Amino acid sequence: RRKYEEKYENRRLRFKQAMGAIRAYEYEISRALLDVLIETPGVTLYGLKDERRLEARVPTYSFTVKGWHPRLLAEYLARANIFVWDGNYYAQAVTERLGLEESGGMVRVGPAHYNTVEEVLKFAEALRNAAASIR
């Protein structure tokens with residue numbers, strides 16, 4: 001039995017079990033996404049990159065791709081049905097400190113429990129095509 005199973009019962013226990021299952025699945029998606037971002041040439045990833053520390057973060061990543069303005073990359077990915085954000089996400093002080101505010105900020109991708117590893121692979125293909133088109 002898991003530690004929380006001794007503390008909770010009935011509906012509360014099922015809720016805790018469901019949240020644990022979601023977290024485990026998001027960990028799998030996060031790891032797949034991290035691999036894609038680290039392995040794609042030209043990508044600069046911001047934030048925690050250590051796969052041993054994935055439990056310390058949500059599966060949302062901010063990055064830039066050499067040669068791409070974040071808005072244009074977001075539009076490129078949207079044409080491939082990959083939906084991401086661009087800009088500073090109301091964290092202007094962060095993008096200023098990183099020296100990215102004047103160049104459009106970053107791209108942010110954030111899968112959740114309703115996304116699939118197959119969708120991460122689709123994102124990988126589109127991102128790699130974008131990065132390769134600049135070289």
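Two strands count as paired if DSSP finds at least two bridges between them. Strands (E, at least two residues) and helices (H or I, at least four) are DSSP runs numbered from the N terminus. The model is predicted, so local features need pLDDT of at least 70 and side-chain atom pairs count only at pLDDT 80 or more, while totals for chains, interfaces and linings use all residues. Residues are numbered from 1 along each chain as its sequence is written, and side-chain values use heavy atoms, with hydrogens and water left out.

Four strands form an open sheet in the order β1-β2-β4-β3, with antiparallel pairing. β1 (43-46) and β3 (85-87) stand at the edges. Each has a single partner strand, so one side of each lacks a neighbour in the sheet. Direction ignored, neighbouring strands are turned by 30° against each other on average. Axes here are lines fitted to C-alpha atoms, for helices over the stretch in contact; angles run from 0 to 180 degrees between N-to-C directions. β3 and β4 (residues 106-109) run antiparallel and are joined by three bridges. D86 has V107 of β4 as its bridge partner.

Two helices meet this sheet. Helix α2 (residues 10-39) lies across β1, β2 (61-65) and β4, at about 20° to β2. Helix α5 (residues 117-134) packs on the sheet and touches β1, β2 and β4. The direction of α5 makes about 30° with that of β2. Contact means heavy atoms within 4.5 Å.

Helix α5 has 18 residues. From first C-alpha to last, α5 reaches 26 Å, close to the 26 Å expected at 1.5 Å a residue. That expected span is 1.5 Å times one less than the number of residues. V120, F123, A124, A126, L127, A130 and A131 of α5 are buried (under 20% relative accessible area; exposed is over 50%, partly exposed in between, with a 1.4 Å probe and protein chains only). The cover over these residues includes α2, β1, β2, α3 and β4.

The largest nonpolar core holds 27 residues. Such a core is a set of buried Ala, Val, Leu, Ile, Met, Phe, Trp, Tyr and Cys residues joined through side-chain atoms within 4.5 Å. L37, Y61, F63, V65, L73, F123 and L127 touch the most other members. At least two residues come from each of α2, β1, β2, α3 (70-79), β4 and α5. Helix α5 gives the most, with seven.

F63 has contacts with several of these elements. Leaving out residues up to four places away in sequence, F63 touches L37, V43, T44, L45, Y46, L73, M106, V107, V109, F123 and L127. Both F63 and F123 are buried. The structure holds two aromatic pairs. One of them joins F63 and F123 edge-to-face, at 6.2 Å centre to centre and 75° between the planes. This pair links distant parts of the chain, with F63 in strand β2 and F123 in helix α5, 60 residues apart. Rings of Phe, Tyr and Trp (its six-membered ring) pair if their centres lie within 6.5 Å; planes under 30 degrees apart count as stacked, over 60 as edge-to-face and the rest as tilted.

Most residues other than glycine have a negative phi. N81 has a positive phi, near 60°. N81 sits in the loop between α3 and β3 and is exposed, at 51% relative accessible area. Y89 also has a positive phi, near 55°. Y89 lies in the loop between β3 and α4 (92-97). At 18% relative accessibility, Y89 counts as buried.
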